[in-house]
Amino acid sequence: MTDSALDQLCINTLRFLAIDSVQNARSGHPGAPMGAAPMAYVLWDRFLKHNPTDPKWPDRDRFVLSAGHASAMLYSLLHLTGYDLPIEELKQFRQWGSRTPGHPEYGLTPGVEVTTGPLGQGLANAVGMALAERWLATRFNRPGHDIIDHYTYAIVSDGDLQEGVAAEAASLAGTLGLGKLILIYDDNQISIEGDTDIAFLEDVPRRFTAYGWQVTESIDGNDIDAVASAIDDARADTSRPSLVVCRTVIGYGSPNKAGTGGVHGAPLGDDEVALTREQLHWPYPESFTVPGEVREYLTKAVERGRGQQSDWDNTLSSYRENFPSEALRLQDALNGALAPGWSSGLSGLFDDGRAISTREASGKVMNAISDAVPNLIGGSADLAPSTLTILNSEGHIGPGNFDGRNLHFGVREHAMGAVANGIAVHGGAIPYASTFLIFSDYLRPALRLSALMEQRVIYVFTHDSIALGEDGPTHQPVEHLMSLRAMPGLVVIRPADATETAVAWQAALERTEGPTALALSRQNLPVLDRETLAPAHDASRGGYTLWESEGSDPQVIIIATGAEVHTALEAARTLDSEGIATRLVSMPSWELFDEQPKEYRDAVLPPSNRTRLSVEAGATNGWARYVGLDGASIGMSTFGASAPGGVLLEQFGFTAARVVEEARNLVNGG
């Protein structure tokens, strides 16, 4: 068999494995795999550096299928190149308990680098991966020892490039000059509703040129030599990210459905599958057929990958001998490990007792631990002077400069979250991303994927309530805390003071199985006197008894978060002076509290005590789980207003007098 004939047989094997997977499931997207198979084959066969027997090898190339609906193609590639994905899994495509879900899921299928499906996210994740590679290479590579040296590739679709997050991320990548990022554009000009020209007429190559990318266009997606040449050119230009535009036909080979929206998201049907076999000269009548020549050829990726990793292992051994301290730091970074005693710098940080906003306290914490956590990197969406998230002793990452740890995402919240996800899944860095709490709406899809992928991304959300003041209701979060708490896998922490903020950061960094959102105040708050109150480290349990009347069981339990803890504490002491035994519970994190043993939770909130009042300057939906049907909640049921923060808190009823009144009513059965 000639090389070209073998290439074509491999490509058609990819096509028909995808067709058969979708047909067998009676669900899925066959069109994109049929059109994109040639360029995917070229990339995986001729360029991709990977070891199927060790999918987590640190210096592998990263491949992102941003067009996650083409997952059947990715699973076919993984199976054929020797990953632990037997053909039985392809036969269970989209079924309960399989490792071949409808869209690729990180952590479920070996070789899947990131969860994709929501369009544009994978592209932005790839930017984060390329950024992480460049940052690690700058920090750890030494002359003759390029210990971090790999590319990031992504296949992107028309739909990806229509999403706003893709525009944000591509603009950032061009600005930074991420030259080892290569996107291959499956330009089939079809969307679910039909031809893309009904909604998408822009000149994509010129757009990416304006972003600062190298662009190769007008490549025939079926001309594998042309695709290979374009990828070679992209790899050669390490000063700019590259976009390779491949003109493809969705559903290629299907006589009646190729080039139509009808082949995007539905099986071909038995009759059309038969016709496609004829059209593509596929002589195998049985589904899920892999010709022996194809299996023998493509599984050479295993031997090739082992050799590549062995070469890297030799480089690593030499690196360890010549640069032992750097090698240890690199290993810790790749493992995501925190050094022993990393939090010791937090001791006594707020002993001066000065009133301080929790956003400022957060900034002090970050800088206190900066040296001890050298792989903490991140930034804000052009709000660092307000969110106070600059690492003061560190440099800034920018065009051509990757020595620092301070990132500038620009006014691109959505890309910020998605890029942070890419940094996290790449490994080697702990990313943080910051903006005002109100603008968490702009990055919510990325935050949801942080949670779905269980990635340690720290979101620093400041200006956490109406108390931010004069900027008015457009900037004042109301429903946001509850909205974030509703997201599975996300831990939300709203600390009451500087000392709880230090505990919050410690919890966020030590939590490796998911993202954490810190909700921080704009206004200054007193530092709670821990000589007369419970110790700050109790906040790590999510909720704890901060203060209570002496000598008797509480008649009322007040539960508060954030700045409102101070108002509630004043009210609790007033109630105590009136002879109403009161317990004040600070509950910075529902999620951490719910993780505690039942015995602890019942000790803080005794089931026998149903006289409970929550106080939080946000929506009250959900507080019933803690205050019960007999309790009450002080919160927000409307948007805010434009006025000084103190005036707003008084006008909306966040005063000690209001808390005392509501608590009295509960105790008296009113």
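Strand β8 (residues 376-380) runs parallel to β9 and is joined to it by three bridges, where strands are DSSP runs of E of at least two residues and helices are DSSP runs of H or I of at least four residues, both numbered from the N terminus. Two strands are taken to pair if DSSP finds at least two bridges between them. This is a predicted model, in which local features need pLDDT of at least 70 and side-chain atom pairs count only at pLDDT 80 or more, while totals for chains, interfaces and linings use all residues. Residues are numbered from 1 along each chain as its sequence is written, and side-chain values use heavy atoms, with hydrogens and water left out.

**The six-stranded sheet**
- This open sheet has the order β9-β8-β10-β11-β13-β12, with parallel pairing.
- Its edge strands, each pairing on one side only, are β9 (406-408) and β12 (491-493), and the twist averages 20° from one strand to the next.
- Opposite Gly379 stands Leu407 in β9.
- Helix α19 (residues 498-510) lies across β8, β10 (430-436), β11 (458-462), β12 and β13 (516-519), at about 150° to β11; contact means heavy atoms within 4.5 Å, and angles run from 0 to 180 degrees between N-to-C directions of axes, which are lines fitted to C-alpha atoms, for helices over the stretch in contact.

- Six bridges pair β2 (residues 152-157) with β3 (residues 181-187) in the parallel sense, and the bridge partner of Ser157 is Asp186 in β3.
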